[in-house]
Amino acid sequence: MRNVVIIGSGPAGLTAALYTARANLKPLVIEGLEAGGQLMMTTHVENFPGFQDGIMGPDLMASMRAQAERFGAEIMRGNVSEVKLDRSPIVITTDDGPIETKTLIIATGASAKLIGLPNERSLMGHGVSTCATCDGFFFRGKPIAVVGGGDSALEEAIFLTRFASEVTLIHRRDTLRASKIMQDKAFANPKIKFEWDSEVIDVKDAAQGVVTAAVTRNLKTGATKEIPIEGLFVAIGHTPNTSLFKGQLEMDAAGYLKTHDGAKTSLKGVFACGDVQDHVYRQAITAAGSGCMAALDAERYLEHL
Ligand code: NAP
């Protein structure tokens, strides 16, 4: 019987592991299919406090992992296929069989939706990004494009005009989904150009290992076009990784876990942290902070069992 099982090994999960390990609770982290989370797809991280010269995303995650392990956190490869939260102890089924635990910390994150192009993945962190706050700074004075027509895409496009020489917003329709106020701001910004009714069909140049252009196709005319850019920001939404918990925990309409009074979910003994419960801030540092909250909440819950 475990005191604490943590599902997910991004900044939220590993911070929860560090805190619960230092509280002598011997946590087990099940790292999941995308071990290390979204930072594993990032290159330089310059906005995580404490790293004056920045740090590579995978190095930051390796360091968080080693720090949690130093205090006795056990990190297990593999994935969770089922959870039964309505009982005590909670039962978690992994590839290696069932595990019983008194508390569960969910840190399964959210996955940025991608267009689905082969080069989009290979150039991720090398000009392709899903986070303007994280990577915008690298595109000072350079032309870039943002894909999407929702609030995220417009927010990113507007933010990116601080750095980029020009931002082309590529949207698959001729009207935006974003709120009126965001649309007004974007239309009023002289640095933002719009490429309507267009989908991105390729990102160049995988052979050089950097982004040099987006190839688009106009969905009305079929015409293709190459837009010279040095960065491509994909902002077509996120999907919270909550399918395991459907029908067991309260979620909002988009599927994000609802938390209250810190990191508590709708069930006692079950806590959530990081992007799986946050579609607003979505930063490594806020995820780490909420991982700490989940650990302290789990610790207090165990004290009163
Ligand atoms: P969203 O509202 O779902 O918008 C996604 C956009 O991406 C849509 O324009 C969609 O096109 C496009 N899209 C989806 N799949 C695509 C694909 N495969 N290829 C090309 N384009 C694709 O997502 P979001 O912008 O991330 O926003 C999520 C929620 O957070 C919304 O409720 C939003 O209002 C909120 N939000 C609010 C703020 C704010 O208020 N400051 C900021 C960010 C987000 P279609 O329009 O054709 O479907």
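**Notebook: the ligand and an aromatic pair**

I began with glutamate 155: an N or O atom in its side chain is 2.9 Å from a nitrogen atom of the ligand. I call this a polar contact, a pair of N or O atoms within 3.5 Å. The model is predicted, so I note its limits: local features need pLDDT of at least 70, side-chain atom pairs count only at pLDDT 80 or more, and totals for chains, interfaces and linings use all residues. Residues are numbered from 1 along each chain, and side-chain values use heavy atoms, without hydrogens and water.

Next I looked up arginine 173. One of its polar side-chain atoms lies 2.7 Å from an oxygen atom of the ligand. For glycine 149, a backbone N or O atom lies 3.0 Å from a ligand oxygen. On its own the ligand has 910 Å² of accessible area (Shrake-Rupley method, 1.4 Å probe), and the protein covers 64% of the 910 Å².

Then I checked the shell, taking residues with a heavy atom within 4 Å. The ligand has 13 residues around it, and Asp151, Ser152, Arg172, Arg173 and Arg177 come nearest. I sorted the shell by class: two nonpolar, six polar (Gly counts here) and five charged residues. Helix α5, residues 151-160, gives the most, with three residues. I took helices as DSSP runs (H or I) of at least four residues and strands (E) of at least two.

Last, I turned to rings. I found eight aromatic pairs, with ring centres within 6.5 Å; planes under 30 degrees apart count as stacked, over 60 as edge-to-face, the rest as tilted. Phenylalanine 137 and phenylalanine 163 have centres 6.1 Å apart and planes at 75°, so they are edge-to-face.

Terms used
A polar contact is a pair of N or O atoms within 3.5 Å; within protein, one must be able to donate a hydrogen and the other to accept it, and residues adjacent in sequence count only if both atoms are side-chain atoms. Rings of Phe, Tyr and Trp (its six-membered ring) pair if their centres lie within 6.5 Å; planes under 30 degrees apart count as stacked, over 60 as edge-to-face and the rest as tilted.
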